[in-house]
Amino acid sequence: STALQYLHSLNATMTPSNTLLLLLSIVAAFLSVPCSSFGSGTATSAATIRVADISKDLSAIQECRRSAYANEGKDVSMLLSAAKSFCNADQIQKPGYICVIAQAKDGTVLGTADLNTRAKIVNNVYVREEARKQGLAQLMMEAVEDSLSDKLPTTLKLTVQSKNIPAISLYKKLGFEAPGVYGFLDATPFDFLIEMEKKLG
């Protein structure tokens, strides 16, 4: 494929494992889940950043995530399963997950970031369009790190679309790196999921 030819032109070493990861990234790119959607900016005092209480905050989190598609005039019931799961916040209703939220004074959830506390994987980082460029994503990511209770050396991981430059820039600012073959993908004209990681402790 053109994408693989591009990687070979960079003299990237394509092992069977890397090739599989790349192909999975291509498939994932078509799921249309608006993860890592936010703008860069400075911190704001307009929102409280905290770990959500799912028993109380679930409906507000769902309303926040559905706004990603409401702005496009899409009916949530007609979305692909992965996007529908994102809107319904299915993941954070399971054991082993927490959700960090940015909440306005009126109770509106402006953004979310999920953490798999066992695998140390961050996903569903999302900020409402009208609340972007206020530094909320950075504050939520910092809160995600602070929420790790054991404080033992570990590696925090996430994925981001290669064309989502604001997200990639923020993650790099926070110390995340794209290892191996993923280190080349943000320079391509194609849109892939890039795997990034940050060593803690």
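Which residue takes a positive phi in the hairpin of S2 and S3? Please keep in mind throughout that the model before you is predicted.

Let me begin with the sheet. Six strands make up an open sheet, and their order is S1-S2-S3-S4-S5-S6, with mixed pairing. Strand S1, residues 47-51, and strand S6, residues 193-200, are the edge strands; each has a single partner strand, so one side of each is left without a neighbour in the sheet. From one strand to the next, the twist averages 20 degrees.

I turn now to the individual pairings. In general, the strands of a sheet pair through backbone hydrogen bonds, in either a parallel or an antiparallel sense. Here S2 and S3 are antiparallel and are paired over seven bridges. Within that pairing, valine 100 lies opposite alanine 113 in S3. The hairpin of these two strands has four residues between them, and here is the answer to my opening question: glycine 107 takes a positive phi near 95 degrees.

The next pair also runs antiparallel, with five bridges joining S3 to S4. Leucine 115 has valine 122 in S4 as its bridge partner. The hairpin of S3 and S4 has four residues between the strands, and in this hairpin lysine 120 takes a positive phi near 60 degrees. As for burial, eight of the eight residues of S3 are buried.

S4, residues 121-127, and S5, residues 154-161, pair in the parallel sense, over two bridges. Isoleucine 121 stands opposite lysine 157 in S5. Helix H6, residues 165-173, packs on the sheet and touches S4, S5 and S6, its direction making about 165 degrees with that of S5.

Valine 51 and alanine 113 are 62 residues apart along the chain, yet their C-alpha atoms are separated by 9.4 Å.

Let us proceed to the nonpolar cores. The largest has 31 residues, of which Val122, Met141, Leu156, Tyr171 and Phe176 touch the most other members. Two or more residues are given to this core by each of strand S2 (97-104), strand S3 (109-116), S4, helix H5 (136-146), S5, H6 and S6. The largest share, six residues, comes from H5. Methionine 141 touches Val122, Val125, Leu158, Tyr171, Leu174 and Phe176, again leaving aside residues up to four places away in sequence. There is also a second, separate core of 17 residues, including Leu58, Ile61, Ala68 and Val76.

Finally, a helix pair. Two packed helices are described by the angle between their axes and the distance between those axes. For helix H3, residues 54-70, and helix H4, residues 81-88, the angle is about 140 degrees and the axes are 7 Å apart. The two helices are therefore oblique to each other. On the H3 side, the contact is made by Leu58, Gln62, Arg65, Arg66, Ala68 and Tyr69, and on the H4 side by Ala83, Phe86, Cys87 and Asn88. These contact residues divide into six nonpolar, two polar and two charged.

Notes: Residues numbered from 1 in each chain as written. Predicted model: local features only at pLDDT ≥ 70, side-chain atom pairs only at ≥ 80, totals over all residues. Heavy atoms only, no water. Axes fitted to C-alpha atoms, helices over the stretch in contact; angles between N-to-C directions. Parallel < 35°, antiparallel > 145°, perpendicular 65-115°, else oblique. Contact = heavy atoms within 4.5 Å. Nonpolar A, V, L, I, M, F, W, Y, C, P; charged D, E, K, R; others polar. Pairing = 2+ DSSP bridges. Core = buried A, V, L, I, M, F, W, Y, C linked by side-chain atoms within 4.5 Å. Buried < 20%, exposed > 50% of the residue type's maximum accessible area, 1.4 Å probe, protein only.
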